[in-house]
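Good morning, and thank you for the time on the agenda.

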Amino acid sequence: MNASKINIAISRCLLGDKVRYNGTHKFDQWISNTLGQFVTFIPVCPEVEFGMGIPREPIQLEIPIASPQIVSVYSNKNYTQDMLKSFKPIISNLLNKSILGFILKSKSPSCGIYNIPIFNNHHSIVANNGMGLFARMVHHQLPLYPLIDEHQIHQPTYRESFFNALFICDRFRKFINTSYDENSLMAFHFRHKSQLQSHHWKSWDIMNQLIQNQSLHLMKRVYIYQYLLIKTILQYHATTYLKSRVLFDLMAWIDNRLLLNEKNELIHAIDQYSRHNISLQVPVNQLRHLALKYDHSDLQNQYFLFSSQQDTFFHL
Ligand code: SF4
């Protein structure tokens, strides 16, 4: 295993393994050949690891809508409880391999994350908002392990949010495993200021107020902070507008030290980025250079500017 790569769990059929109910695969070339250069994939097929054969009778989600069951399409066998039991060691095994998140196959009653159909006993669709059983268990039990499907990962906006979320969640997991205090929570929050603002400006303010709320016990603040953190990075995608605003804000931190030509070049780069004429990396690299040149520790601490892990995924 390449130590510089991150580990991500992935539905086996996306890697080309013929593990689907009908003995086929759903190989995704971009995931394997492009993303695979930077990621070590830890394959998982919940249905096969549960003990279902290849080929096998297809399964589907069935009512009740509030807690859909996994039922075989023709023989009408309900596998839900047995599958849930089998998923526990599967997930533990993945966590032991230091995964940071999941890329799961869409439309599957086991792996699908969004819009999985739920059927009634007469095989009619009664809802379209189900989540595959394995994905649901991961979602509920591992809120700090982001999920994405193979369609979303092809879309730059979703992909950026996913990788932002992977690294922020990883840092937050490490943070809550330390003997944290008020100051370290503040420091964590401040280092993510620009990143969080680029997803949703107001959320950063709300989180800021939360962590300073002395009437709440620190553990409770951290618990609510986690909820808001996940919501901010996964529900609000970073936009060019907000990233431009963040860049101007960061420029203001160092404004009084800049030479006129440095300031003009930076303003020009941010403006060009906001018009989609150049990539984000151009103004980010300029700000990095200035933060180092003027030894500006607050700028150097911003993950938005200085995160070598995220740089890797900017260019995909
Ligand atoms: S979608 Fe999931 S359960 Fe279905 S074949 Fe692929 S990995 Fe296995």
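Let me begin with a definition: a nonpolar core is a set of buried Ala, Val, Leu, Ile, Met, Phe, Trp, Tyr and Cys residues joined through C-beta atoms within 7 Å. A residue is buried if 20 or more other C-beta atoms lie within 10 Å of its own, exposed if 12 or fewer, and partly exposed in between, with C-beta atoms placed from the backbone. Please note that this is a predicted model, in which local features need pLDDT of at least 70 and side-chain atom pairs count only at pLDDT 80 or more, while totals for chains, interfaces and linings use all residues. Residues are numbered from 1 along each chain as its sequence is written.

With that in place, the largest nonpolar core has 48 residues, and those with the most contacts inside it are Ile8, Phe102, Ile103 and Ala135. Helix 5, residues 156-176, gives the most to this core, with seven residues; helices (H or I, at least four residues) and strands (E, at least two) are DSSP runs, numbered from the N terminus. At least three residues come to this core from each of domain 1 (6-154) and domain 2 (156-235). Which residues does alanine 135 touch, leaving aside those up to four places away in sequence? They are Leu104, Cys111, Gly112, Ile113 and Leu147, where contact requires C-beta atoms, placed from the backbone, to lie within 7 Å. A second, separate core has 15 residues, including Leu266, Ala269, Ala291 and Leu305.

Four strands form an open sheet in the order 2-1-5-8, with parallel pairing; two strands pair if DSSP finds at least two bridges between them. Strand 2 (39-44) and strand 8 are the edge strands, each pairing on one side only. On average, and with direction ignored, neighbouring strands of this sheet are turned by 30° against each other. Axes here are lines fitted to C-alpha atoms, for helices over the stretch in contact, and angles run from 0 to 180 degrees between N-to-C directions. Helix 3, residues 80-96, packs on the sheet and touches strand 1, strand 2 and strand 5, its direction making about 165° with that of strand 2.

Strand 5 pairs with strand 1 (residues 6-11) in the parallel sense over three bridges, and alanine 9 stands opposite phenylalanine 102. Three bridges also join strand 5 to strand 8 (residues 147-149), again running parallel. There, the bridge partner of phenylalanine 102 is leucine 147, while leucine 104 stands opposite aspartate 149.

Finally, the domains. The protein chain is divided into domain 1 (6-154), domain 2 (156-235) and domain 3 (240-314), with bounds from an automatic or database domain assignment. The centres of domain 1 and domain 3, taken over C-alpha atoms, are separated by 40 Å.

How do helix 10 (residues 240-254) and helix 11 (residues 260-274) pack, and at what angle? The angle is about 170°, with the axes 9 Å apart. Helix 10 and helix 11 are therefore roughly antiparallel to each other, since angles over 145 degrees count as roughly antiparallel, under 35 as roughly parallel, 65 to 115 as roughly perpendicular and the rest as oblique. Thr240, Ser244, Leu247, Phe248 and Met251 in helix 10 meet Leu266, Ile270, Tyr273 and Ser274 in helix 11.

Notes. Contact = placed C-beta atoms within 7 Å.
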